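Have the viewer open and follow along.

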Amino acid sequence: MLLTAAAARGVSVMQAEAVAPLLNGDAVRGVRVRTNGGTVEDIASEVLVDASGQATFLSNAGVIGEKVRGNYDRQVAVFSQVAGAIRDPGAAAGNTLIFYRQKNHWAWFIPLDDQVTSVGVVVPADYYRSKNESKHKFLLRELHQLNPELTRRLPQIEFVEEVRGISNYSYRISNFTGKGFLCVRDSHRFIDPVFSFGVFFAMKEAEYAASAIASFFAESKGEQPNPFADYQRLCDRGQDNVQELIDAFWQHPYAFKLLAHHRYPEDIIHMFAGRVYEETPLP
Ligand SMILES: Cc1cc2nc3c(=O)[nH]c(=O)nc-3n(C[C@H](O)[C@H](O)[C@H](O)COP(=O)(O)OP(=O)(O)OC[C@H]3O[C@@H](n4cnc5c(N)ncnc54)[C@H](O)[C@@H]3O)c2cc1C
């Protein structure tokens, strides 16, 4: 949808795989791509945006730092989609629900449309290995056993998509901006998805990146050591604040509940609404 909108506004779109950055010293000056037809081409750029997600293109190429594992790296997510799950009535039918078993062991339930619900279970990797089950069997059993309220909502489980798994997905990469490049969201950082901030961060950082690039051209910042340092600070602040929120949830669930439901509900709502880029973390 975004790609179509960008093309409609005059952006040239090329379907290709980025295979290597083109460098001039420590500056990125373009990208080598392999087109769908198999041809390899070099494209010069004044600013390269790495939005390659967990493929972490510039990190793998050694242009930025290596992946440093985050607080929640030794976890596994197993997920699929089901039809016919029981939802809440009325306007609440589309709500995202999180089901808790114990620390670092939880499930998501995200309605995608009238019929289909995304379901997934996140567990410590050691626990997953100890079960020695296929992904399909593991997810089926967990969805039945993890939390009675989740069991009630899934009386019959019919997966409408292949059951998939992903592990070790929490990481952070430093120095994700520099001369001629900047990274957006998963290409530089991924934190525990428990509060579903991922797509929000991707969109928000893309918006901030667009402003940073516009001012790079408007203010001729080409000679600065890092023309995108302010953008990097802003991204770090937002993600650090959410990291703190998630840490508080896992490390101090009782205190978190008091803060969220009794002491500072308005402030916590602000954060869940995405107001996480302020100087001072809320509350
Ligand atoms: C288990 C799990 C559950 C999640 N749940 C939620 C949730 O409920 N809500 C939420 O908001 N977020 C959730 N997220 C996070 C969310 O999916 C990501 O944070 C978000 O998609 C990041 O967007 P992105 O644009 O950075 O990367 P992506 O969406 O991963 O996009 C990267 C794109 O780059 C392409 N690419 C990669 N390498 C190359 C290359 N060399 N050349 C060309 N193209 C390339 C890929 O094919 C892909 O299309 C979840 C993540 C996980 C792992």
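Buried here means under 20% relative accessible area, exposed means over 50%, and partly exposed is anything in between (1.4 Å probe, protein chains only). The model is predicted, so local features need pLDDT of at least 70, side-chain atom pairs need pLDDT 80 or more, and totals for chains, interfaces and linings use all residues. Residues are numbered from 1 along each chain as its sequence is written, and side-chain values use heavy atoms, with hydrogens and water left out.

Let's start with the rings. Phe, Tyr and Trp rings (the six-membered one for Trp) pair if their centres lie within 6.5 Å; planes under 30 degrees apart are stacked, over 60 edge-to-face, and the rest tilted. Searching the whole structure turns up 22 aromatic pairs. One of them is Phe 79 with Trp 108, a tilted pair at 5.8 Å centre to centre and 35° between planes. Phe 79 sits in strand 6 (residues 75–83) and Trp 108 in strand 8 (residues 105–111), 29 residues apart; helices (H or I, at least four residues) and strands (E, at least two) are DSSP runs numbered from the N terminus. Both Phe 79 and Trp 108 are buried.

Then there's Phe 195 with Phe 272: the ring centres are 4.9 Å apart and the planes at 80°, so this pair is edge-to-face. Phe 195 is in the loop between strand 14 (189–190) and helix 6 (198–218), while Phe 272 is in helix 9 (residues 265–272), so the pair ties together parts 77 residues apart in sequence. Phe 195 counts as buried because its relative accessibility is 16%, whereas Phe 272, at 38%, counts as partly exposed. Ring pairs also join both to a cluster that includes Tyr 100, Phe 201, Trp 250 and Tyr 277.

On to helix 6. Just after helix 6, Ser 220 has a positive phi of about 45°.

Finally, the ligand. It is surrounded by 18 residues, and the closest are Ala 18, Ile 110, Asp 186, Ser 196 and Val 199 (near means a heavy atom within 4 Å). Here are some distances to ligand oxygen atoms:

| Residue | Protein atom | Distance |
|---|---|---|
| Ala 51 | polar backbone atom | 3.5 Å |
| Arg 185 | side-chain N or O | 3.4 Å |
| Gly 198 | backbone N or O | 3.5 Å |

Terms used:
A polar contact is a pair of N or O atoms within 3.5 Å; within protein, one must be able to donate a hydrogen and the other to accept it, and residues adjacent in sequence count only if both atoms are side-chain atoms.
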